[in-house]
Amino acid sequence: MGAKRATGRAGAVLLGVVSAVLAPWAWADAPIAPTGSVPPVPAVARVWPVGDRPAVLRGWQPPATVYGPGHRGVDLAAPAGTPVRAVAAGRVSFAGRVAGRGVVSVALAGTGLRTTYEPVRASVRTGDDVAAGEVVGTVEPTAAHCAVVCVHWGLLRGGTYLDPLSLLPPWLLGRGPSRLLPVLGVPLP
């Protein structure tokens, strides 16, 4: 009976040690918070980053885990040289190169949100204040991320990636409010 109790204690101690050693890595597989548990994104954008209503080549696909596969932004069709604009007023938090690609990041005023644009040849510097619609750079000619030249538009709150399309109000997405139209042949009162 004593040997059985000692083996049980040794197993419990071993399990505790293994748990303590593996615990630091457990966060890497933690699921991303469900959409309902994060505060909503205010629709503060006043323009698209490129063009009037660019084609979305690849949409936002949140990963199941922090380092899991997914797409942490949207890819917008835009030929090289296309002006890239800040979607809302803010301050440039980064303008430079990351892994050989131009990146511009703008902290949106009063929101706790940050947008990113890449690959972009920056025309602004870190610390510059920008207005909604102000040009922050131009699309660089690279096809490393997309099959065709595009701009990757991201949105973050702290270290959490969000869907950048959620910044756009319905009228910019082409989903305006329903409007009743008169029926032909029926007199108006």
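Modeller: A residue counts as exposed when its relative accessible area is over 50%, and as buried when that area is under 20%. The model is a predicted one. Alanine 99 has a relative accessibility of 79%, and therefore counts as exposed. This alanine 99 sits in the loop that links β4 (90-98) to β5 (101-108). Its backbone deserves attention: alanine 99 is not a glycine, yet its phi is positive, near 55 degrees. Most residues other than glycine have a negative phi, and most peptide bonds are trans.

Between glutamate 118 and proline 119 the bond is cis, with omega about -10 degrees. Proline 119 belongs to the loop between β6 (113-118) and β7 (120-122).

The protein chain contains two helices and eleven strands. Read from the N terminus, the order is α-β-β-β-β-β-β-β-β-β-β-β-α. Among contacts with a separation of 6 or more in the protein chain, 64% are between residues 24 or more positions apart. Of the 189 residues in the protein chain, 30% count as buried, whereas alanine 99 counts as exposed. The protein chain as a whole exposes about 11300 Å², and 64% of this area is supplied by carbon and sulfur atoms.

Conventions:
Residues are numbered from 1 along each chain as its sequence is written. This is a predicted model: local features need pLDDT of at least 70, side-chain atom pairs count only at pLDDT 80 or more; totals for chains, interfaces and linings use all residues. Side-chain values use heavy atoms; hydrogens and water are left out. Helices (H or I, at least four residues) and strands (E, at least two) are DSSP runs, numbered from the N terminus. Buried means under 20% relative accessible area, exposed over 50%, partly exposed in between (1.4 Å probe, protein chains only). Contact means heavy atoms within 4.5 Å. Accessible areas come from the Shrake-Rupley method with a 1.4 Å probe; for residues, only the protein chains shown count as cover.
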